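Please keep the sequence and the coordinates in view while reading.

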Amino acid sequence: MQHATRTATPPAAAGTIWGLIRPFWVSDQKWVALGLLAAIIALNLGMVYINVRLNGWNRDLYDVLQARDFAQFKSLLWQFSWLAFVFIAVAIYSVYLRQALQIRWRYWMSERYMDRWLAHRAYYRIEQDQARHLADNPDQRIAEDLNALTSDTLGLVLGFISSSVTLLSFVHILWVVSGPVSLAAFGHAWSVPGYMVWFAVLYAIVGSGLVWWIGRPLVGLNFAQERLEANFRFGLIRVREHAEAVALYRGERQERAQLGARLDAIRDNWWAIMGVTKRLNVAVNFCGQFAVIFPMLVSAPRYFSGAISLGVLMQISNAFGQVQDALSWFINAFTTLASWKASVNRLAGFNADVERAVAVAAVSAIEVRRGTGSALAIDALALALPDGTPLLQPFDARLESGEHVLVSGPSGCGKSTLVRAIADIWAYGSGRITLPAQGDIMFLPQRSYLPVGSLRAALSYPAAEGSFDDQLVTRYLTLCRLAHLAARLDQAANWSQALSPGEQQRLAFVRVLLNRPALVCLDEATSAMDGEAEEAMYAALPRELPGVTVLSIAHRETVARFHAVRWQFVPQSRGCRVEVLRL
């Protein structure tokens, strides 16, 4: 997760939205998904049919009550009982199957998005190009927005289908039972058939237009709220992850101020959401409540004139409510639509970032490939920043098998970027890097990554937990001055917090000794160790891994004696120049 201060993602076009939704429905899961969707639609149609039956039952009930017919009243109660029982069963399984379809869709999309995010190291390349990236907090996009996309899309689509079928089912009933109405004006008389239908249509059009006009800002506000919430969580996590450093700096006041500012932003945006929601609720509730009495007001003259019975009056009222509710789908679903559209926009931005990251890797002018020999060869390699600023002038170098090279130079001159280029995670520059034909390559950054879990899993990473014999693990723990951890192999913890920086770096050396790579690239991998421990780690590499090739970035001259060659980075006006020196 990261702090995001960029502007909102541009709204997603219809083609982009279809591109988000379509893949699951044409995947290997399509037949199961389509079967579940068909079953859900069938159940929803069943509920609409029961509502139609209940509409007729409602008319008969009020006619029976008006006639005081107790025998028919009892019969209607039995009829209602089985209709209600069937409706409950259908409603339960409709929700159950919808949830089953939702989790299948979300699981499939989450796997696909995780694969795309991790493939081609897109997760890393996205963070490199901060200026152009659209999606803040990619973890939130995968964890929350995919869930919102699947649940809201199903809810909106099924709601629209149900409303459409309800409209088709009840508009005929309302047309027939409401009958015509005569209007006279300017000496002319008109007969309007099915007048209640026209009232319902006009009512829904006016209400939908009003709701759209009031609720338009909700899409942008919901988008901003998700971003601000993510930034606040990010700040809290940062304090937890760097608790010791904050405590030593006595940085509580500064952290409190930053967290307070982020919380203020959440509050201010939430107040804006509240204002729009309040106005929206006024319109929605007015439309909903007035729709209850509106058909009564319009039908009352015909009832009091004796043209229709009480049962027909109540049937008109019920049918009008069903038609008006179906026509008001947009009004009722507007809040969900606003949230759904915000999620779609965020996912569209995430997709654009991933595609750009993959494209950058594909068009990179830095060629990294396996060679046929045992050496690491660098030919005409030039490195730059993502904005094109030169970082390293073109240079040629060769690191023979078993050779140890020390990379020296001032901070910020591109030493770590060279390691990234060798690892094939830096796409900005040109030239060719030829890796040894055989053997694994391991990279040790200054701050090693330790997964949360057992110590055995942390030591085995990136291999699976338990990939190495415990006796060998214990031996290397002792060799790297971590013997006190041998009894804690099965203990689960957040080891990046439980171990000191020096212990974490020595644990990384244990990993190297266990995995036995042919080439090791050390990027300030001993900076947190004392001098004696640092020398012990450098001495252990050739002793425990005979023939290992080492590329080491370090600032301490004390480690120079463990290397035969120095690549000296010399700052120039346009990037650094590399000088190859024998030690």
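Tyrosine 461 counts as partly exposed because its relative accessibility is 35%, where buried means under 20% relative accessible area, exposed over 50% and partly exposed in between, with a 1.4 Å probe and protein chains only. This is a predicted model, in which local features need pLDDT of at least 70 and side-chain atom pairs count only at pLDDT 80 or more, while totals for chains, interfaces and linings use all residues. Residues are numbered from 1 along each chain as its sequence is written, and side-chain values use heavy atoms, with hydrogens and water left out.

Tyrosine 461 sits in the loop between helix H13 (455-460) and helix H14 (470-479); helices (H or I, at least four residues) and strands (E, at least two) are DSSP runs numbered from the N terminus. Leaving aside residues up to four places away in sequence, tyrosine 461 touches Tyr449, Pro451 and Arg511, contact being heavy atoms within 4.5 Å. Cysteine 287 is 174 residues from tyrosine 461 along the chain, and their C-alpha atoms are separated by 60 Å.

The domain assignment of the protein chain gives domain 1 (14-362) and domain 2 (366-582), with bounds that come from an automatic or database domain assignment. Their centres, taken over C-alpha atoms, are separated by 53 Å. To the contact, domain 1 contributes 10 residues and domain 2 contributes 10 residues.

Where does the largest pocket lie? Domain 1 and domain 2 both give residues to its lining, so the largest pocket lies between them. A pocket is here an open set of points on a 1 Å grid over the protein atoms alone, where a 1.4 Å probe fits, with protein on both sides within 12 Å along at least five of seven lines; lining residues have an atom within 4 Å of a point. The lining comprises 45 residues, and Tyr123, Tyr124, Pro445, Arg447 and Tyr449 lie nearest the centre of the pocket. Tyr449 is also among the residues touched by tyrosine 461. Helix H7 gives the most to this lining, with five residues.

Within H1, the buried residues are Ile17, Leu20, Ile21, Pro23, Phe24 and Trp25. Their cover includes helix H2 (30-67), helix H3 (70-118), H5 and helix H11 (329-362).
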